[in-house]
Amino acid sequence: MLASWYDAQGPAADVLHVGELPDPVPGPGEVRVRVTVSGVNPGDTKKRRGWLGSSMPFPRVIPHSDGAGVIDAVGAGVDVHRVGQRVWVYGAQSYRPFGTAAQYTVVPDHQAVPLPDHLSDELGASLGIPGITAHRAVFADGPVDGQLVLVHGVLGGVGSLAAQLAHWAGATVIATVRRTADLDHVDPGVAHAIALDTGEPAAAIRSYAPRGVDRIIEVALSDNADLDNAVAANNAVIAAYATRSDRTEIPFWPLLFNNVTLRLLGSDDFPAEAKRQAARDLTSAAAVGALTVAVGDRHPLDDIARAHDRIDAGGGHGRILVTIPQ
């Protein structure tokens, strides 16, 4: 099969190779997917770079956990009727060496999720890490029907899906963007948008949530801790999946007296059933048109290094995808 891989960590152009590798064979309980589209996430490029001192988890890595394609072979114990089924894939390179940046990937049966015929492979390849992280951030502490949910960074991969999932589940969603110029990119049918470069973002948020917000989906805890404290309702939950400072300060006593829960989210290690429920809900929401994903750059497999560089440079708006030759 044609694939991309790295045998050592470092800059994308230096370590990513593209060439032929042996076709994988599904083992018991596994399926093989012929990949059409591979989704690139910041976590993929951080693993490749050795972020935070992480080392090579395997001697050779085919990157990327997310993708979409068609099941073409199954292992022992898997229903043979799955062959020919369109699927989206999550966790392909989570504690496994060979991900979706290849013509074939092998994953446990349940990690290849049926993709309804009317949904695109591009959408399917965009649901894995960002979608499951968004789902956990929104729902880990229970239903949000009738609640006020604040989503920071709504134009990002996780933030966009979190806002859409919360809206789909019956919440009133308030969403932030960094700049006033970005407000027009937020769907007013999904969320009330607030720009953080306004003079009083807390007052603007409170105008929609006078008693405070019940859930906060946080992409930059180090930047927003004081703002979150100013708008959190009593017993609110701050679900943080990222921060810009490795040692993040928070206004501890005001949050304590407000009985705020701080939930930290590491997507590779979510409970297995939480991932399965997220996959079910993401597929259901997408099937009824409640989820859309903005696609940014598409790169062919032989240009995968540039896709990684785009992610490392901040990515911009829209999902970065790698298309796999058939």
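## Basis of the description

The model is predicted: local features require pLDDT of at least 70, side-chain atom pairs count only at pLDDT 80 or more, and totals for chains, interfaces and linings use all residues. Residues are numbered from 1 along each chain as its sequence is written, and side-chain values use heavy atoms, with hydrogens and water left out.

## Overall architecture

The protein chain contains 10 helices and 15 strands; these are DSSP runs numbered from the N terminus, with helices being H or I of at least four residues and strands E of at least two. Along its principal axes, the C-alpha trace spans about 60 × 40 × 35 Å. The radius of gyration is 20 Å, which agrees with the value near 20 Å for a compact globule of 326 residues; the radius is taken over C-alpha atoms, and the globule rule is 2.2 Å times the number of residues to the power 0.38.

Of the 326 residues, 50% are buried (under 20% relative accessible area, with exposed over 50% and partly exposed in between, using a 1.4 Å probe and protein chains only). Among contacts (heavy atoms within 4.5 Å) with a separation of 6 or more, 68% are between residues 24 or more positions apart.

Six strands form an open sheet in the order 10-9-8-11-12-13, with parallel pairing; two strands pair if DSSP finds at least two bridges between them. Strand 10 (192-195) and strand 13 (261-264) stand at the edges with a single partner strand each, so one side of each has no neighbour in the sheet. On average, neighbouring strands are turned by 20° against each other, direction ignored; axes are lines fitted to C-alpha atoms, for helices over the stretch in contact, and angles run from 0 to 180 degrees between N-to-C directions.

Strand 12 (residues 232-240) and strand 13 run parallel and are joined by 4 bridges. Within strand 13, Thr261 is the bridge partner of Val237.

## Helix 5 against the sheet

Helix 5 (residues 157-168) packs on this sheet and touches strand 8 (148-151), strand 9 (172-177) and strand 11, its direction making about 170° with that of strand 8. Its buried residues include Val158, Leu161, Ala162 and Leu165. The buried residues of helix 5 pack against helix 4 (129-139), strand 8, strand 9, strand 11 and helix 9 (272-287).

The end C-alpha atoms of helix 5 are 17 Å apart, which agrees with the 16 Å that its 12 residues should span at 1.5 Å a residue; the expected span is 1.5 Å times one less than the number of residues. Just after helix 5, Gly170 has a positive phi of about 100°.

## Ala209

Ala209 lies in the loop between helix 6 (201-208) and strand 11 (213-218). Ala209 is buried, with a relative accessible area of 0%. Not counting residues up to four places away in sequence, Ala209 touches Leu148 and Ile174.

In strand 6 (residues 104-108), 5 of 5 residues are buried. Strand 3 (residues 30-40) runs antiparallel to strand 6, joined by 5 bridges, and Glu30 stands opposite Pro108 in strand 6.

In helix 10 (residues 304-312), Ile304, Ala307, His308 and Ile311 are buried. Seen down the helix axis, the buried residues fall within an arc of 100°, so they line one face of helix 10; the arc is that of the directions from the helix axis to the C-beta atoms. Gly314, which follows helix 10, has a positive phi near 115°.
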